[in-house]
Number of protein chains: 2
Amino acid sequence: MTTAIRSEFDQGIALTRHPEEPGRYDGELGAGWQIGGGVNGGLLLAVAGHALSLEHGDHPDPISISGYYLSASVPGPATVRTEVLRTGRGLSTGTASVSQDGVERLRVIASHGDLATVDGEVRTSAQPPQLPPPDQCIGVEHAPKELITQAALLERFDLRLDPATVGWALGQPSGNGRIQGWFRLADGREPDPLLLLLVADALPPVTFDLGMPGWAPTVELTVHLRARPVPGWLRVTHATRNLAGGYFEEDAEVWDEAGRLVAQSRQLARVPRAQ
Amino acid sequence: MTTAIRSEFDQGIALTRHPEEPGRYDGELGAGWQIGGGVNGGLLLAVAGHALSLEHGDHPDPISISGYYLSASVPGPATVRTEVLRTGRGLSTGTASVSQDGVERLRVIASHGDLATVDGEVRTSAQPPQLPPPDQCIGVEHAPKELITQAALLERFDLRLDPATVGWALGQPSGNGRIQGWFRLADGREPDPLLLLLVADALPPVTFDLGMPGWAPTVELTVHLRARPVPGWLRVTHATRNLAGGYFEEDAEVWDEAGRLVAQSRQLARVPRAQ
């Protein structure tokens with residue numbers, strides 16, 4: 001597998017520094033990243049994280065990034081305005097606001113650092129997910145047609161879901177609130193820290209596995225990054241343990257081929273309306 | 001137990017609307033909320049959440065609130081400047097910046113709503129912690145003196161830790177990365193949504209249980225609230241599963257006496273430096 005010169009993902013998060021307005025970057029949200037009516041929230045978070053990477057310079061990697069989604073984004077031009085709040089030795093913190101036509105889509109706060117220089121000690125008690133090999137998992141080509149036609153972004157992914165967690169696709173959700181599988185980009189572009197922001201929001205909502213189809217709009221998504229992923233497949237789990245008060249949390253873990261828990265995320269999303 | 005007219009906590013988060021500057025609130029960080037060299041991060045988050053409650057009016061309760069800690073706060077005057085980003089039907093989103101003497105301490109984004117009007121459906125698969133009754137747990141009066149003298153805020157709490165998770169206080173950390181116990185305020189003030197922001201950061205750092213004493217500065221803390229707690233004791237768990245890259249995540253759950261998982265939080269904190 002080789003890294004494409006200009007992968008779909010790099011194109012998706014590409015930004016141009018505005019020549020006159022400090023801290024401003026301009027980009028284009030591609031139609032290929034749509035899901036339902038809007039552009040995928042993980043891609044949007046990666047765009048904001050990318051702008052802050054460019055702004056911070058020596059601290060290119062988001063270590064902790066939190067995004068609050070304000071309105072549904074659509075394919076087309078987008079502007080990111082950044083503000084640096086603090087430049088520290090190990091971490092730099094800033095805000096980013098993503099807007100389209102003057103309407104704010106996403107507000108982000110993030111602390112960036114350099115994952116190439118982090119402390120080597122690893123004491124991970126979390127266990128990696130047990131998954132059948134990718135060729136025994138369920139590719140997107142088996143997904144219900146209604147799902148694929150609403151989710152152009154699935155064509156960017158090579159996503160193989162654990163057969164044990166896709167009963168919902170056959171009308172038999174397990175009720176466990178857990179979906180897991182293998183992830184890589186379809187064009188072979190290898191994982192890096194910015195891609196992990198997309199991966200944290202790449203699987204179908206866990207509410208599918210609770211028998212609740214439909215769109216689950218994200219209120220807030222926070223991703224913590226702990227290591228640069230090695231090339232290859234990523235293993236991703238999504239789970240919820242508390243659907244209540246009209247919202248549910250969705251915890252994601254991303255494991256790389258070296259067996260490292262490279263990213264943890266949690267989002268709060270609105271329970272889908274009954275269909 | 002009765003609610004005090006003006007409890008220590010209500011005094012701790014009290015704010016005065018600035019007469020001329022819209023969105024600005026002034027308060028005083030009390031010396032009684034100190035831990036180590038600074039003021040407790042949960043109290044600071046509650047101050048910011050309170051300012052946004054006042055600003056939003058009809059949406060008094062933080063549903064999701066994320067804070068990034070920029071510098072150590074000290075007892076004394078503090079200013080909170082808020083900005084409303086969006087006023088929606090169910091949620092209103094805004095930012096708050098807490099500063100002292102012109103130095104920013106904390107930047108927050110939060111979505112507030114009204115927990116009195118939320119959807120009644122509850123599908124919680126998480127299990128409440130199993131704890132011995134409060135009178136069989138370890139009160140703060142048994143904590144090492146070095147700990148109490150550095151943590152004035154412990155005097156505000158009636159905190160009873162599960163004996164199974166306090167081996168670290170006797171030099172025998174379990175290595176599990178888990179601390180849990182009962183929590184209520186010492187002056188009898190009953191729990192409410194803003195108090196839960198404090199409770200999410202009220203227990204000792206889980207790194208104590210990994211045999212790592214010392215201060216673990218918070219980078220980021222996000223709290224999700226799902227229900228108004230009923231009066232009485234709260235059960236609180238803190239756990240970590242991934243200490244790596246110089247940071248660890250600390251997940252907290254707060255359960256009320258009605259058996260509801262009323263709040264979930266996650267923070268990213270820096271691994272304490274070796275002593």
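The entries below follow the order in which I looked things up.

**Ground rules**

I am working with a predicted model, in which local features need pLDDT of at least 70 and side-chain atom pairs count only at pLDDT 80 or more, while totals for chains, interfaces and linings use all residues. Residues are numbered from 1 along each chain as its sequence is written, chains are lettered from A and ligands numbered from 1 in the order in which they are written, and side-chain values use heavy atoms, with hydrogens and water left out.

**Helix 2 of chain A**

I began with helix 2 of chain A, residues 41–56. Helices here are DSSP runs of H or I with at least four residues, strands are runs of E with at least two, and both are numbered from the N terminus. The helix has 16 residues and spans 23 Å from first C-alpha to last, close to the expected 22 Å. That expected span is 1.5 Å times one less than the number of residues.

I then asked how many residues of helix 2 of chain A are buried. I got 14 of the 16, so the helix is largely enclosed by the rest of the structure. Buried is under 20% relative accessible area, exposed is over 50%, and partly exposed is in between, with a 1.4 Å probe and protein chains only.

Next I looked at the ends. Asn40(A) caps the N-terminal end, with a side-chain oxygen 2.9 Å from the backbone nitrogen of Gly42(A). Just after the helix, Gly57(A) has a positive phi of about 70°.

**Chain B against chain A**

I moved on to the interface and found 55 residues of chain B in contact with 55 residues of chain A. Contact means heavy atoms within 4.5 Å. The buried area comes to about 4600 Å², and carbon and sulfur atoms give 50% of it. This is the accessible area (1.4 Å probe) that the two parts lose on being put together, summed over both.

How many salt bridges are there between chain B and chain A? I count eight, where a salt bridge is a side-chain nitrogen of Lys or Arg within 4 Å of a carboxyl oxygen of Asp or Glu. The side of chain B that touches chain A has 21 nonpolar, 17 polar and 17 charged residues. For those classes, Ala, Val, Leu, Ile, Met, Phe, Trp, Tyr, Cys and Pro are nonpolar, Asp, Glu, Lys and Arg are charged, and the others, Gly among them, are polar.

I also noted 34 residue pairs in polar contact between the two chains, both residues at pLDDT 80 or more. A polar contact is a pair of N or O atoms within 3.5 Å; within protein, one must be able to donate a hydrogen and the other to accept it, and residues adjacent in sequence count only if both atoms are side-chain atoms.

I picked out two of the salt bridges. Arg226(A) pairs with Glu249(B), the closest N and O atoms being 3.8 Å apart. Asp251(B) pairs with Arg266(A), the closest N and O atoms being 3.8 Å apart. Asp251(B) sits in strand 16 (residues 247–255) of chain B and Arg266(A) in strand 17 (residues 261–270) of chain A, so this pair joins two chains. Asp251(B) is buried at 18%, and Arg266(A) is buried at 9%.

**Salt bridges elsewhere**

The whole structure has 34 salt bridges over all chains. Within chain A, Arg156(A) bridges to Glu155(A) at 3.9 Å between the closest N and O atoms.

Asp192(A) and Arg189(A) meet at 2.9 Å, N to O, and Arg189(A) is buried at 7%. I also found a network of salt bridges linking Glu21(A), Arg24(A), Asp26(A) and Arg81(A).

Thr79(B) is in strand 6 (residues 76–87) and is buried at 14%. Its side chain makes a 3.1 Å polar contact with that of Asp26(B). Beyond four places in sequence, Thr79(B) touches residues including Tyr25(B) and Val98(B).

Pro134(B) is in the loop between strand 9 (122–124) and strand 10, and is buried at 16%. Beyond four places in sequence, Pro134(B) contacts Arg160(B), Trp182(B) and Trp233(B).

Last, Glu141(B) is in the loop between strand 10 (138–139) and helix 3 (145–150), and is exposed at 62%.
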